[in-house]
Amino acid sequence: MKKILTISAFLFLVANALLAQTLLTSIQIGTKTKAQLQGELPFVTFTSGAVMYKVTYESKNIDGSTTTVSGLISVPDNLNKRYPLLCYQHGTSGTDADVPSNLNFESRIAIAFSGMGYVVFAPDYLGLGDSQGPHPYVHAASEAWVAIDMLKATKEFAAQNDVAINEQLFITGYSQGGHAAMAMHRALEETNEFEVTAAAPMSGPYSIGEVMRELIFSGEEYTKPGYLINTIASYQYVYQDLFTNFSEAFKAPYEPYIVQFLNEEISLNDLDVQLTSLLNANEGAVIPLKMLQDDFVASIENNPDHPANLHLKENNVYDGWTPTAPTRLYYCKADEQVPFENSSLAATTMQTAGAADVVAIDVNSSLDHVTCAFFAPVSAVSFFQNYQMVEDLTSTKTTHAHSPFDISPNPTDGHLFIKNLPSESRVKLSGLGGKVYFNIANLQDDAKLDLSQLQNGIYLLQIVAKGQTWTEKVVKG
């Protein structure tokens with residue numbers, strides 16, 4: 001047992017040394033017992049309680065400068081096990097303080113996941129929580145890089161706090177968080193920096209440039225006019241080319257409240273209330289398109305290359321890539337805020353592009369957007385349980401310091417041979433940062449890995465056979 005813990009600690013320290021230092025601060029902000037979690041959500045099964053931490057970490061701003069971002073890390077209260085990582089991306093925040101690290105209402109979802117055997121990290125996003133400056137709302141690139149930087153910070157946190165984590169990574173999120181979850185998943189698969197085990201975006205506006213644009217420009221009623229303002233303000237902040245002044249884009253009755261919102265004098269919720277009242281009074285219905293100047297609307301509708309159209313499509317997260325990790329897109333067909341076509345279009349497009357394991361699933365066709373948020377995560381965690389691996393550190397039956405197999409030569413300058421594997425063995429080789437280079441199932445007898453193209457360094461070789469797991473350090477050099 002001592003040998004296992006010594007090797008584990010050594011590997012965590014080496015991994016931490018090789019990662020760029022991202023984590024800045026961490027402070028415990030709360031606990032939940034298993035009984036408390038079970039009382040709050042009696043229809044799911046918890047394996048532990050949870051310990052919550054507020055963290056800050058380094059990321060980058062829209063202009064590329066270094067900035068500080070905050071987030072929530074929630075850890076199972078049983079540290080005698082090795083857990084997967086899970087990223088939870090939150091939905092639209094009404095205020096800068098309405099974020100997971102402040103234990104807002106939605107943080108309960110992230111905390112519940114940790115009570116089911118995950119080390120959970122939930123970014124607050126740029127411009128929210130402790131992060132300074134405007135929030136780039138539904139801006140796919142920053143949603144992705146902020147989450148990936150928090151992934152690195154969480155690995156550092158785990159190494160510093162004796163929290164054992166394995167190489168699995170699950171990604172989910174609801175509403176804006178669904179969009180952010182898919183943005184993160186896409187970025188990770190494009191860079192191959194970390195392997196995604198499975199993903200479950202929920203009720204997200206994946207098709208900003210088609211489904212959401214059509215909803216607004218159809219002139220139909222929409223109960224959340226503030227979302228349109230938030231999106232336009234975000235893309236003006238990021239790209240600075242939608243308009244030259246507010247009056248060019250917004251009609252006079254609505255402009256004062258929009259300016260107050262942008263100056264953080266009123267919340268997004270307050271903005272919604274004011275705009276809803278004005279639209280009902282001026283237009284007889286809540287039709288967000290009516291807030292925009294007619295010439296501004298016409299220029300967008302008549303010019304496919306208008307910056308607004310280009311930026312909306314640029315922030316789509318469903319097209320142009322093919323997920324390799326198992327992916328489920330959960331939605332509710334009666335969703336009045338984020339139409340279900342976002343999920344069905346995304347799944348169909350990905351399947352047509354060759355995705356082997358992407359499915360859109362209607363959780364309940366009668367639920368609206370808010371109610372769906374209580375049920376979609378249950379479907380997501382049920383899906384993740386098909387892949388989740390939690391190892392008991394106190395039992396030699398699941399994790400072994402040294403495998404019984406002949407692994408040679410080690411160190412190696414090229415090929416690595418693994419002999420005498422039982423039938424249906426799985427072999428995975430990954431870097432200390434989590435990047436997976438080989439993940440081969442259904443092996444038996446002898447296996448040969450070609451490491452000749454890998455950089456010199458330390459790698460982790462994991463062998464899963466007959467219900468047991470061994471991890472060996474492999475040196476290439």
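Trainee: Of the contacts in the chain with a separation of 6 or more, what share comes from residues 24 or more positions apart?
Mentor: Such residues account for 74% of those contacts. Keep in mind that this is a predicted model.

Trainee: What is the radius of gyration, and what would a compact globule have?
Mentor: The chain has 24 Å. A compact globule of 477 residues would have a value near 23 Å, so the two agree. The C-alpha trace spans about 75 × 45 × 45 Å along its principal axes.

Trainee: How many helices and strands are there?
Mentor: The chain has 14 helices and 16 strands.

Trainee: Take helix α12. Which of its residues are buried?
Mentor: Ala308, Asn309, His311 and Leu312. Their cover includes α6, α7 and α11.

Trainee: New topic. How many aromatic pairs are there in the whole structure?
Mentor: A search finds 17. One of them joins phenylalanine 105 and phenylalanine 374, with ring centres 6.2 Å apart and planes at 70°, so the pair is edge-to-face.

Trainee: Where do those two sit in the chain?
Mentor: Phenylalanine 105 is in the loop between β4 and α3, while phenylalanine 374 is in helix α14, 269 residues apart.

Trainee: Is phenylalanine 105 buried or exposed?
Mentor: Exposed, because its relative accessibility is 53% and the cut-off for exposed is over 50%. Phenylalanine 374 is partly exposed at 48%.

Trainee: What about phenylalanine 383 and tyrosine 387, how are their rings arranged?
Mentor: Edge-to-face, since the planes are at 80°, and the centres are 5.6 Å apart. Phenylalanine 383 is buried at 5%, whereas tyrosine 387 is partly exposed at 27%.

Trainee: Which aromatic cluster are they in?
Mentor: One formed by Tyr88, Phe113, Tyr118, Phe170, Phe383, Phe384 and Tyr387.

Notes. Residues numbered from 1 in each chain as written. Predicted model: local features only at pLDDT ≥ 70, side-chain atom pairs only at ≥ 80, totals over all residues. Heavy atoms only, no water. Buried < 20%, exposed > 50% of the residue type's maximum accessible area, 1.4 Å probe, protein only. Helix = DSSP H or I, 4+ residues; strand = E, 2+ residues; numbered from the N terminus. Contact = heavy atoms within 4.5 Å. Rg over C-alpha atoms; globule rule 2.2 N^0.38 Å. Phe/Tyr/Trp six-rings, centres within 6.5 Å; stacked < 30°, edge-to-face > 60°.
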